[in-house]
Every structure is written in structure tokens, then in C-alpha cells.
Amino acid sequence: MKSHSRLFPIFLVALATLAALPAAAQDWVHTGSNLGNERIRIAAADFKPVGADPQTPALKAAFDATLYDDLGNAGIFDLVSKSMAPQAAPGSPQEISLQQWSAAPANAAMVAFGALSATNGRLVVYGWLDDTRNTVNPQVLGKQYNEEASQDMARTVAHRFADEIILRLGGGINGIAETKIYFVSSRSGTKEIWEMDYDGQNQHAVTHLGTISLSPRISPDNSRIAFASLGHNGWDIRTYSLELGRLVSFPAGTAGGSNQSPAWSGDGTKIAFSSSRSGDSEIWVADASGGNLRSVTSIRGPNIAPTWNPRTNAQIAWASGRTGEPQIYTMDQDGANMQRLTDSGYAVSPSWSPNGQFLTFAWDRKYGPGAPGGRDIYVMDIASKRWLQLTHDAGINDYPSWAPDNRHIVFERAVGGRSQIWSMLSDGTGQHQLTETGSNFMPNWSWK
Amino acid sequence: MNRLNRILVPVALLIALITVAGCGKKPKHVPASETAPAAIAPAPTAQFSATPAQVAAGDQVQLSWHTTEATTVSIDGIGDVPTSGVKTVTPSESTTYHLVAKGDGGSAEATARVIVNGPPAVEVPTTTMSAEEAFKANVQDIFFDYDTYDIRADSQATLSKDASYLASHPDVKVVIGGYCDERGSNEYNLALGQNRADAARNALITAGVAASRIRVISYGKEKPFCSESTEECWQLNRRDGFTIDQ
């Protein structure tokens with residue numbers, strides 16, 4: 001369980017760096033994400049319902065299920081299954097018997113518990129986190145929430161409480177339970193931009209344009225979505241304001257030809273995208289307002305799918321067909337210092353990790369006529385060019401996108417002609433499907 | 001191995017479940033609070049004409065229309081029609097055709113008047129090809145090799161014929177659509193389809209067709225002509241498609 005090397009051997013790509021690398025640095029993919037650390041054994045007690053409001057049972061059910069899933073999804077816990085947990089639902093620190101939770105079969109080091117009530121249309125939740133082995137001063141967290149009583153809010157409050165626990169126990173990295181995923185869905189008949197919670201709940205359409213819209217990218221402040229949309233003269237980059245609920249102007253994105261695959265810089269001030277306006281598709285950068293447009297590359301062949309280094313906002317990775325089939329490259333934002341990262345096959349759809357260290361991308365290492373065509377998701381350490389394959393023998397995988405915690409990746413998987421959105425931990429474990437209705441594509445994880 | 005099974009078995013079950021239950025499932029009921037406000041899209045525009053505008057009873061009239069930003073277009077008495085198109089009608093009396101284009105940004109209307117004179121003429125032979133049929137018969141698609149946008153030798157001859165038809169029909173405008181097979185990634189295929197369409201555009205311009213008569217759109221793999229995963233089908237999809245720009 002602890003050693004990923006047994007199941008996912010790491011192959012060294014760059015011969016030049018081979019000699020310089022320590023031979024047994026197998027936890028490289030976990031650096032900064034705590035994924036490789038020993039997992040904390042944690043239990044989530046069912047919350048105690050308080051009062052007789054008829055809304056309470058349904059809200060409690062939504063809350064309990066969401067909190068349990070959030071802690072299970074976090075990637076840093078060994079979550080006590082419900083069948084091993086005590087039946088008790090302690091509603092306060094006075095009511096909990098910590099010994100009951102630390103003993104077998106639960107063996108929990110930490111336990112989350114509390115009380116929930118619905119009163120006069122308000123949802124009130126008290127949540128605690130106790131360290132079961134610290135009998136003198138067990139309380140790690142105590143939180144109170146008072147919100148409108150609704151299913152949505154019950155889930156939201158559970159997400160907030162889960163994120164508090166994850167922040168406290170996960171090395172100071174914010175949890176992702178309150179983040180969103182933007183994606184393309186064709187379930188209404190045309191490809192539109194959709195939004196959902198990180199766990200697949202609350203799926204709803206954002207755009208209703210009736211054309212084909214692709215490649216949604218949410219701005220770092222969650223206010224605008226940039227995407228590509230088919231118009232009369234080709235593909236335009238359009239931007240949609242979530243605050244105003246309508247399209248807002250992005251003049252640099254319309255020029256005829258194919259303007260596509262936008263990417264926000266981490267500070268939200270710039271958008272990079274691919275445009276064919278010069279007669280060949282190149283990477284261009286504009287201010288977020290759509291002004292100050294400049295071209296970055298001048299390379300024959302398709303140049304698409306830029307992604308910024310979100311730590312520096314000074315480098316861009318992208319996919320280029322300059323030598324034939326597309327490969328992943330990095331460069332400075334002015335086009336200097338181009339470096340090729342993949343050596344062969346068909347590599348597209350890079351996404352730069354929030355800590356700046358890794359790229360995840362889709363790669364078919366044996367692409368070609370007659371080849372079976374298994375496109376999988378990979379993570380590469382940019383400095384060493386060492387990579388790890390995250391998906392294996394399951395459909396055609398594309399469009400990976402990092403979660404802000406560095407620990408999770410969302411991606412598209414097509415099986416039998418239908419595409420769905422999946423998420424996983426950034427070591428390839430914990431894969432689960434988030435969408436089931438229609439076909440869904442090109443997910444993009446929000447920045448916070 | 002156990003761990004792999006733990007991943008694979010649920011995945012396989014999920015896939016099986018979706019295969020069994022997913023297809024016939026009704027779309028989830030969307031509560032009102034989940035419906036995002038509609039975008040303010042540009043207002044639709046509509047152009048609509050009838051040629052000739054004056055005919056004898058029994059003669060054919062060609063209605064042609066072109067709309068932008070419209071999602072549904074209908075003509076009174078005909079019903080729903082594509083957002084752009086042509087249709088041949090045979091009005092028995094003077095008629096005003098009324099077209100309504102509706103889109104996210106509102107609606108647009110246009111009318112086309114046909115005056116019908118006198119008694120029915122002698123039956124008109126129907127063997128004359130419409131402009132669209134003639135275009136299709138003379139301007140043919142070209143095909144590309146895998147993951148390339150170079151014009152093949154066999155396509156050079158096709159493009160020469162396409163160019164000479166366009167040279168002899170200076171009123172015809174053309175849309176070149178660039179298409180790809182299903183194997184690549186959507187974004188890369190948009191760029192590849194653009195390069196394929198641009199390659200044909202450049203060849204037509206070199207052959208003397210005015211650039212202003214050519215509109216280019218990359219469809220990548222978004223609008224496949226053929227949907228099977230076979231080499232024959234992929235070849236059909238790796239193409240430039242030519243249509244009249246209405």
C-alpha cells in the first residue's frame with residue numbers, strides 16, 4: 001500500500017539526467033502533497049439529530065454522506081468504514097467515549113462527530129474533531145455552522161467542515177471539498193459548458209449557446225470562464241461571467257480561423273490560447289480584458305493547449321506538432337528557452353501542477369496507424385523529466401486537470417464511444433466516475 | 001494485484017451498470033435553483049430571398065435563406081428548416097413567404113415575395129439541376145493521410161477541377177470545412193482541421209479563386225461524416241468538405 005513503486009514502476013525517460021538521479025527516489029510524485037505519508041486513521045461518526053423538525057433526517061443523511069465521502073476522497077486518510085465504526089452518534093464532547101473509537105475494530109486515531117438540527121428554516125451544525133489518544137485534551141477542532149436549511153447547504157456545510165479537518169491534518173494544504181469542476185456536456189443536444197461540485201453533485205449547465213463550446217477554463221478568482229465556441233467564421237475564445245450570468249467581451253479571441261484552448265495565468269491577469277490567425281496555429285497571449293495581444297510562438301504545425309506555471313506565471317507548457325505528432329514542450333512566456341519534455345508518441349493536454357513541479361498530460365506512447373491507441377494520463381516531474389503512468393488499460397483518457405491541492409486530478413475517459421468525467425489521486429489511485437448522464441468532456445478543476 | 005483488482009472490479013461494475021442502466025435513463029430532474037441564467041447572446045440575423053421573384057403559375061421558385069446566431073428557423077407553411085439553406089417551391093398564386101429565426105439573443109424575421117402571373121405554363125422539365133446539386137457534382141471533397149495536412153497528389157487533380165468550376169461560376173461562394181478522424185484529441189484536431197482547410201483555401205487562391213469567396217471552418221472531430229472505428233471510416237473523415245456558402 002505504501003510503496004507505489006511495486007505497482008507503478010517509474011521509468012527513466014531522459015538519459016541525460018539518468019546518472020545524476022538518486023536511484024531510489026520513488027516518492028517523488030508525492031512531494032508537496034503528503035500523498036506518500038502514512039495515512040491518518042480517521043472515523044466520521046454519524047451526526048446526532050437534534051429536535052423534531054421533519055427536515056432534519058434528510059439534511060442529516062446528506063451531511064453524513066458528504067462528510068464521509070469528503071474524508072475518504074481527501075487522499076490523506078485511512079477512513080474507518082461504517083461497518084467497523086461504533087454505532088454511537090455522540091452529539092458533543094461530553095457524549096463521546098473516545099476509548100470506544102480508538103479500540104478495535106475502529107482503531108481510529110481521530111474521530112469527527114457532532115450534532116445537527118433544523119430549526120425555523122435554519123440548519124445548525126456543531127462539529128468536532130478529537131484525537132482519540134489524547135485523553136487529557138482531545139479536541140483538535142470545534143466548529144459551528146448556521147445556514148439556510150436545504151440539501152445543498154447540508155452538503156456545503158459538510159464540505160466546509162471536511163476542509164477544516166483536511167487543512168488541519170493534511171500539512172496545511174487546503175482541502176478541495178468546496179471546489180468546482182467545469183466541463184463540456186452534450187446532454188442537452190449541443191456541447192455546452194457545465195459546472196458541478198468536486199464530487200459530481202449539483203451538475204448544471206452554465207451556457208446555452210446552441211453551438212459547439214469546448215475547453216472551459218475557470219479564472220483563478222472563480223469569476224469568469226474562458227472557452228472556445230464555434231461561430232460563423234470559425235472558433236472564437238469567449239468569456240462568460242459567472243457573476244453577471246452572461247457572456248462578456250474578449251476582443252482578442254475573435255479573428256476567424258481557430259481560436260481555442262484558452263488558459264488563465266495563475267494571477268488571473270492573462271489568457272494564453274491557440275490561434276490560427278497568422279496562417280498557422282500558434283500560442284498567443286492577451287490580457288484578461290482581451291487587449292495587449294501578442295504572439296509567443298512561430299513554429300510550423302499545430303501549437304495548442306497552453307498551460308501556465310501557476311507558481312511563477314512566467315512559463316508556459318503546450319503541445320506542438322512541429323516534428324509530426326504532438327509533443328509536450330515548455331517555454332518562457334516570451335517564447336524563449338523551449339524545452340521538449342516527451343520523446344515520442346502523441347502527447348497533448350498538459351496541465352501544470354499548482355506547486356509548479358509537475359505536468360499532467362495525456363500520452364499515447366505508441367501512437368500510429370495500426371497501433372491500438374491507448375491514450376493514458378501521465379504525470380511528469382519537469383526538472384528530471386521522470387514520469388509516472390496514472391491510468392492503465394481503461395478507455396481513452398484525456399484532458400487531465402490538477403486540483404488546487406496537488407493531490408487530485410480530474411480527467412476525461414471514453415469507453416465504448418461515451419466519454420465521462422473521472423477523478424483520481426495524483427498517484428493514479430482512488431479513480432472514480434463523476435458523471436453518468438450523456439457524454440461529458442474536457443474537465444477543468446477550479447483554483448479554489 | 002489485490003489492489004489492482006480493487007480498482008478494476010468496481011470500475012468494471014460501474015461500466016456494466018452504466019451500460020445496463022445508463023442509456024434508457026431519463027435525464028435527472030433539474031431543480032429550478034440549478035438552472036443557470038441564459039447567456040445574453042448576440043441577436044439573430046436573417047436574410048431571405050426568392051428567385052425569380054416573378055414567375056408563371058407552375059414554375060419553380062428557389063427560396064434561399066441564411067441566418068446567424070439562430071437555433072431554430074422556420075418558414076410559414078413549410079415548417080422548421082436548417083439555419084441556412086435553399087428550397088424549391090412551386091407557388092400557385094402570389095405568395096409572401098415569412099421566415100422566423102429564433103436564437104438565444106432573440107428572434108429575427110424576413111420575408112420573400114413571389115408574384116405569380118397568368119395561367120400555368122407548359123410543364124417545366126424537372127431535370128435541371130439545382131445550384132446545389134451542380135455544385136456537389138462538380139466540387140468534390142479531398143482526403144488526407146493520417147495526421148497530416150499536406151495535399152496529396154490525387155487531391156491536386158480534384159482541387160484543379162474544383163477551382164475551374166468555381167472560376168466558371170463567379171457568383172458561388174464556398175465554405176471549406178476541415179475534418180479529422182476520431183483518434184486524436186479534440187483540441188489538436190481543431191488545429192489539424194484548420195490546417196487542412198487552409199491548405200485547400202491556399203490552393204484555390206493560387207488557382208485564381210478570390211479569397212473573398214472562401215470561408216474556412218475547422219470542425220476537427222466534432223462533426224464526423226462517418227462514425228465507425230474502421231480505417232475506411234477514418235479516411236472518409238480525414239477530409240476537406242466543400243459546400244456552397246449561402
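**Reading the interface and the folds**

Reply: Across the interface of chain A and chain B, the rule finds 3 salt bridges, a salt bridge being a side-chain nitrogen of Lys or Arg within 4 Å of a carboxyl oxygen of Asp or Glu. This is a predicted model, in which local features need pLDDT of at least 70 and side-chain atom pairs count only at pLDDT 80 or more, while totals for chains, interfaces and linings use all residues. Residues are numbered from 1 along each chain as its sequence is written, chains are lettered from A and ligands numbered from 1 in the order in which they are written, and side-chain values use heavy atoms, with hydrogens and water left out.

Me: Which side chain meets Arg217(A) in a salt bridge?

Reply: That of Glu187(B), at 3.1 Å from N to O.

Me: How much area do chain A and chain B bury between them?

Reply: Buried area is the accessible area (1.4 Å probe) that two parts lose on being put together, summed over both. Here the value is about 4500 Å², with 55% of it on carbon and sulfur atoms. Chain A gives 61 residues to the contact and chain B gives 43 residues, where contact means heavy atoms within 4.5 Å.

Me: At what angle do helix H2 and helix H3 of chain B pack?

Reply: Helices (H or I, at least four residues) are DSSP runs, numbered from the N terminus. Axes are lines fitted to C-alpha atoms over the stretch in contact, and angles run from 0 to 180 degrees between N-to-C directions. H2 (residues 131-138) and H3 (residues 153-168) of chain B pack at about 150 degrees, their axes 9 Å apart. H2(B) and H3(B) are therefore roughly antiparallel, the term for angles over 145 degrees.

Terms used. Helices (H or I, at least four residues) and strands (E, at least two) are DSSP runs, numbered from the N terminus. Angles under 35 degrees count as roughly parallel, over 145 as roughly antiparallel, 65 to 115 as roughly perpendicular and the rest as oblique.
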